[in-house]
Every structure is written in C-alpha cells, then in structure tokens.
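Below is a short report on selected local features of one protein model. It covers a helix pair and a few individual residues.

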Amino acid sequence: MKSLKNTFQEAYLQLLHQHLPTQVSVKQIVLVANTSRSSFYTHFDNREQLHLYVKQQIHREFFMHYEIKNPHEFSSTTTLNLCQHIIKYRSYYQHALQDTLDFHHLSIELSNYLMHVYNDLDYAIFASFGTIGFLKNWVEHDFLISPSEAAEKLMKIGFTNWASKVNI
C-alpha cells in the first residue's frame with residue numbers, strides 16, 4: 001500500500017505535465033490526489049516542501065543507478081535503467097533540467113558517483129556534466145530517440161578516449 005506522501009507526489013508529478021512547479025497549487029494537488037487539504041498539511045507545510053520531497057525522492061532514485069561497488073559492474077543496463085528513470089519522471093525533469101542550480105547540483109553529485117567508475121576527478125566532472133547535458137538535450141527534444149538508443153549513445157560517449165580525438 002502506498003503512503004499518502006507518495007499519493008501527493010504522484011499528483012504533483014501529474015500536474016507538472018501541464019504546469020510550471022510554481023503554478024501548481026495545494027488545491028490542485030489535493031483535488032488530483034482525491035484527498036483533503038488537512039491531509040496534505042499533515043505531511044507538508046506547503047507546496048514548496050512537497051516539491052523538495054519529490055526532488056529528493058527522484059534524485060535518490062536517479063543516483064541509485066550509480067551506486068556501483070565495482071566499476072566493472074557499470075554496464076549498458078545501468079545506463080538503460082537511468083534513461084528509463086528519466087522517462088518515468090519526465091514531468092519533473094522537463095522543469096528541473098531547465099533550472100541552472102538543479103542542473104549544476106545533479107552534475108556535481110553525479111561526478112562523485114562517477115569517481116568510482118573513472119577513478120579520476122577531472123574525468124568524472126567532465127563525464128557528469130556531459131551526461132546531464134545529454135539528458136537535458138534528450139528531454140528538451142521530447143525524447144526523439146528511445147531510452148535504449150539514448151543509453152547506447154551515453155555509453156559510447158562515456159567510454160570514448162577523448163585524448164585520442166585531439167591532435168596536440
């Protein structure tokens with residue numbers, strides 16, 4: 001059985017398909033969630049607190065795809081699961097990746113996870129900002145390619161030896 005917090009999260013995400021986060025009201029959330037305002041205020045002080053809760057839940061799930069103990073476990077399946085996650089929460093990412101601070105936060109946080117894959121901070125930063133930039137472009141262009149195609153491209157980009165491409 002899902003919690004009431006999750007019900008509010010689902011309602012909020014549904015509303016994000018048609019509205020900016022700042023345009024979603026508590027009245028709309030409780031209407032879509034088919035619950036009362038008092039139930040909402042039992043769990044959240046305001047809409048912004050719900051937004052923060054949703055953001056934390058989605059980011060936690062995003063980074064779970066990178067919780068890899070052994071760098072050799074990083075695979076195309078990991079990347080495919082990440083792309084499917086982006087599709088699942090498309091209404092959130094369509095707004096979050098437009099926000100400069102959210103984009104920066106996701107990129108920096110991802111670089112911490114990619115350190116386990118690349119074992120080099122500079123390359124992890126380069127790869128993380130490139131990954132988030134690629135995903136932002138994919139979202140902005142309304143997912144013109146499938147999650148499997150996006151995952152394949154991300155893997156190719158992520159494991160390219162960029163130094164071999166440069167004539168120095």
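The model is predicted: local features need pLDDT of at least 70, side-chain atom pairs count only at pLDDT 80 or more, and totals for chains, interfaces and linings use all residues. Residues are numbered from 1 along each chain as its sequence is written, and side-chain values use heavy atoms, with hydrogens and water left out.

Helix 7 (residues 100–118) and helix 8 (residues 121–140) have axes that come within 7 Å and cross at roughly 130°. The two helices are therefore oblique to each other (angles under 35 degrees are roughly parallel, over 145 roughly antiparallel, 65 to 115 roughly perpendicular, the rest oblique). Helix 7 and helix 8 cross in a right-handed sense.

Serine 39 lies in helix 3 (residues 37–43). Its side chain makes a polar contact (N or O atoms within 3.5 Å, one able to donate a hydrogen and the other to accept it) of 3.4 Å with the side chain of threonine 35. Beyond neighbours within four places in sequence, serine 39 touches Leu4 and Phe8.

Aspartate 142 is in the loop between helix 8 and helix 9 (147–158), and phenylalanine 143 is in the loop between helix 8 and helix 9. Aspartate 142 has a positive phi of about 55° without being a glycine; phenylalanine 143, not a glycine either, has a positive phi of about 55°.

The table lists relative accessible area (buried under 20%, exposed over 50%, partly exposed in between).

| Residue | Relative accessible area | Class |
|---|---|---|
| Serine 39 | 19% | buried |
| Aspartate 142 | 49% | partly exposed |
| Phenylalanine 143 | 10% | buried |

Technical notes:
Axes are lines fitted to C-alpha atoms, for helices over the stretch in contact, and angles run from 0 to 180 degrees between N-to-C directions. Helices (H or I, at least four residues) and strands (E, at least two) are DSSP runs, numbered from the N terminus. A crossing is left-handed if the near helix is turned anticlockwise from the far one by less than a right angle, and right-handed if clockwise. Buried means under 20% relative accessible area, exposed over 50%, partly exposed in between (1.4 Å probe, protein chains only). Contact means heavy atoms within 4.5 Å.
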